[in-house]
Amino acid sequence: MSPKIAVIYYSSTGTVHELAESVAEGARKEGAEVRLLRVAELAPEEAITATATAHGGQESTLLALYNSVHHFGGIIVTPGYTDPVKFADGNPYGTSHVNGQGAIPVDDTALAAVYQGKRVAAVTARFKNA
């Protein structure tokens, strides 16, 4: 049986949506059944800001989120630096992209996201088939 993966994301400008699509693509390539789920915006428009600089919060956001996942018994499959493609985004905790307030398009970061999707699906399949 193929693993079932939910890619849950939030995107105010479309950049994270593009990365979520890449993660889903990688998981599908690994044979997973994927659901792409966008989280609704709850904050007022004036409160919405995106990371425009390297180390502008990507790592700490993921690490903080992981505490909630652990609380509910989740298993985190980080990409680490298990493939050279991860040096495209430089974040071993998960795929992230500096968008420079929308001025920097998603490029090689999408390859890192595809790899992350493949890795999650491969590890999930091992648990499912164990």
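This is a predicted model: local features need pLDDT of at least 70, side-chain atom pairs count only at pLDDT 80 or more; totals for chains, interfaces and linings use all residues.
Student: How does the lining of the largest pocket divide into nonpolar, polar and charged?

Tutor: The lining has 26 nonpolar residues, 22 polar ones and 2 charged ones.

Student: OK, what about the second largest pocket? How much space is there?

Tutor: The second largest pocket has about 170 Å³. Its lining is made of 12 residues, and the closest to the centre are Ala54, Gln58, Asp89, Ser96 and Val98. By class, this lining has 3 nonpolar, 7 polar and 2 charged residues.

Student: Why does leucine 62 count as buried?

Tutor: Leucine 62 counts as buried because its relative accessibility is 19%, and the cut-off for buried is under 20%.

Student: What is leucine 62 in contact with, leaving aside its neighbours within four places in sequence?

Tutor: With those neighbours set aside, leucine 62 is in contact with Asn91, Tyr93 and Gly94.

Student: Let's switch to helices. How many residues does helix 3 have, and how far does it reach?

Tutor: Helix 3 has 21 residues and reaches 31 Å from its first C-alpha to its last, close to the expected 30 Å.

Student: What do the buried residues of helix 3 pack against?

Tutor: They pack against strand 1 and helix 1. The buried residues of helix 3 include Ala113, Val114, Gly117, Val120 and Ala121.

Student: And helix 1? What do its buried residues pack against?

Tutor: The partners of helix 1 are strand 1, strand 2 (33–38) and helix 3. Among the buried residues of helix 1 are Leu19, Ala20, Val23, Ala24 and Ala27. Helix 1 has 15 residues and reaches 21 Å between its first and last C-alpha, close to the 21 Å expected.

Student: What follows helix 1?

Tutor: Helix 1 is followed by glycine 31, with a positive phi near 95°.

Student: Now strand 2. Is arginine 35 buried or exposed?

Tutor: Arginine 35, which is in strand 2, is exposed, because its relative accessible area is 54% and the cut-off for exposed is over 50%. Leaving aside neighbours within four places in sequence, arginine 35 is in contact with Ile5, Ala6 and Val7.

Student: How far apart are arginine 35 and alanine 52?

Tutor: They are 17 residues apart in sequence and 28 Å apart in space, C-alpha to C-alpha.

Student: Last topic: how many aromatic pairs does the count come to?

Tutor: The count comes to 1 aromatic pair. Tyrosine 81 and phenylalanine 87 form that pair, and it is stacked, with 4.8 Å from centre to centre and 5° between the planes.

Student: How accessible are tyrosine 81 and phenylalanine 87?

Tutor: Tyrosine 81 is partly exposed at 42% relative accessibility, while phenylalanine 87 is exposed at 59%.

Key. Residues are numbered from 1 along each chain as its sequence is written. Side-chain values use heavy atoms; hydrogens and water are left out. Rings of Phe, Tyr and Trp (its six-membered ring) pair if their centres lie within 6.5 Å; planes under 30 degrees apart count as stacked, over 60 as edge-to-face and the rest as tilted. Buried means under 20% relative accessible area, exposed over 50%, partly exposed in between (1.4 Å probe, protein chains only). Ala, Val, Leu, Ile, Met, Phe, Trp, Tyr, Cys and Pro count as nonpolar, Asp, Glu, Lys and Arg as charged, and the others, Gly among them, as polar. On a 1 Å grid over the protein atoms alone, a cavity is a set of points where a 1.4 Å probe fits but cannot get out, and a pocket is an open set with protein on both sides within 12 Å along at least five of seven lines; lining residues have an atom within 4 Å of a point. Grid points are joined across faces, edges and corners, and a volume is the space filled by probe spheres set on the points. Helices (H or I, at least four residues) and strands (E, at least two) are DSSP runs, numbered from the N terminus. The expected span of a helix is 1.5 Å times one less than its number of residues. Contact means heavy atoms within 4.5 Å.
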